[in-house]
Amino acid sequence: MARPRSIQAHKKVLNSAVQLFSERGIDATSMDAIAEASGVSKATIYKHWPDKDSLCLEVMGYLHGIDEEPPVFDSGDFRADLIAQLQYQPALDRKALREKMVPHMIAYAARNQTLGAAWRERVVEPARVALAAILKRGEKRGVLRRGIDPEVGIALLLGPMIYRHVFTKRLGEKGPKDLEVHVADTFLAAFGAEKHKPAGR
């Protein structure tokens, strides 16, 4: 069992890393800066994380709420479930920091393939799997046309969400209103079985 002092040091470093990574970016934040901000020695930090990438990965997991059990959206209403999944925000108390951090992480992961793969598996994959399950149920229940490539469907659904995070919010804009609703309706118009297509589409 970890000692209280060790747990406290871990939290201090994690909180300082969250703030510095989101404000300065990952490349511009050194372990020295994290040690200074947290008041925890580098020797102690390296007992918890072997390198900055390991610390960064835990930061992203924390910001994305991987310590929480995500909800399963399966109400029987495909459109409502799809919108709910696209709108789902884990760990709402960390949302502002998460939105500042994501563009930095995307850029950093593009240059660090090992970290990028670990980040996708630990943080991004659960959302992809949840969307894949909704699409599979939609096809099975006759809401979607059969034969849709799930990876194409996921790319079409998540693409606008990533665009909003990386571009519009980085520029200080809110992005399109009710984006998730528009994305879900456009997807249904393109891939929905005829009787399930939104009216007017």
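Overall fold and helix packing

Analyst: In the protein chain, 65% of the contacts with a separation of 6 or more are between residues 24 or more positions apart; contact means heavy atoms within 4.5 Å. This is a predicted model in which local features need pLDDT of at least 70 and side-chain atom pairs count only at pLDDT 80 or more, while totals for chains, interfaces and linings use all residues. Residues are numbered from 1 along each chain as its sequence is written, and side-chain values use heavy atoms, with hydrogens and water left out.

User: How many helices and strands does the secondary structure of the protein chain come to?

Analyst: Helices (H or I, at least four residues) and strands (E, at least two) are DSSP runs, numbered from the N terminus. Along the sequence the pattern reads α-α-α-α-α-α-α-α-α. The count is therefore nine helices and zero strands.

User: What percentage of the 201 residues in the protein chain is buried?

Analyst: Buried means under 20% relative accessible area, exposed over 50%, and partly exposed in between, with a 1.4 Å probe and protein chains only. The C-alpha atoms fill a box of roughly 65 × 40 × 30 Å along the principal axes. Of the 201 residues, the buried share is 39%.

User: Where does UniProt place the feature "DNA-binding region"?

Analyst: The unreviewed UniProt entry gives "domain: HTH tetR-type" at residues 7-67, a span that is 74% helix and 0% strand, with end C-alpha atoms 16 Å apart. UniProt positions are given in the numbering used here, feature names are shortened, and annotations may be inferred rather than shown by experiment. The "DNA-binding region" feature, also from the unreviewed entry, is placed at residues 30-49.

User: Which residues in helix 2 are buried, and what phi does Gly39 take?

Analyst: Helix 2 covers residues 31-38, and its buried residues are Met31, Ala33, Ile34, Ala35 and Ser38. Just after helix 2, Gly39 takes a positive phi of about 75 degrees.

User: At what angle do helix 4 and helix 6 pack, and how does that angle class them?

Analyst: Axes are lines fitted to C-alpha atoms, for helices over the stretch in contact, and angles run from 0 to 180 degrees between N-to-C directions. Helix 4 (residues 52-63) and helix 6 (residues 95-111) have axes 11 Å apart and an angle of about 140 degrees. Angles under 35 degrees count as roughly parallel, over 145 as roughly antiparallel, 65 to 115 as roughly perpendicular and the rest as oblique. Helix 4 is therefore oblique to helix 6.

User: Which residue classes make up the contact of helix 4 with helix 6?

Analyst: On the helix 4 side are Lys52, Asp53, Cys56, Val59, Met60 and Leu63, which meet Leu97, Arg98, Met101, Met105 and Tyr108 in helix 6. Ala, Val, Leu, Ile, Met, Phe, Trp, Tyr, Cys and Pro count as nonpolar, Asp, Glu, Lys and Arg as charged, and the others, Gly among them, as polar. The contact thus has eight nonpolar, no polar and three charged residues.

User: At what angle do helix 6 and helix 7 cross, and which residues make the contact?

Analyst: The axes of helix 6 and helix 7 (residues 113-140) come within 5 Å and cross at roughly 130 degrees, which makes helix 6 oblique to helix 7. The contact is made by Met105, Ile106, Tyr108, Ala109 and Arg111 of helix 6 and by Gln113, Leu115, Gly116 and Trp119 of helix 7.

User: Is Arg94 buried or exposed, and which residues does Arg94 touch?

Analyst: Arg94 sits in the loop between helix 5 and helix 6. Its relative accessible area is 9%, so Arg94 is buried. Leaving aside residues up to four places away in sequence, Arg94 touches Tyr62, Leu63, Gly65, Asp67 and Glu68.

User: Why does Ala91 count as buried, and what is the phi of Ala91?

Analyst: Ala91 lies in the loop between helix 5 (78-87) and helix 6. Ala91 counts as buried because its relative accessibility is 4%. Although Ala91 is a residue other than glycine, its phi is positive, near 45 degrees.

User: How far apart in space are Arg146 and Ala193?

Analyst: Arg146 is in the loop between helix 7 and helix 8, and a relative accessible area of 64% makes it exposed. Arg146 and Ala193 are 47 residues apart in sequence, whereas their C-alpha to C-alpha distance is 8.5 Å.
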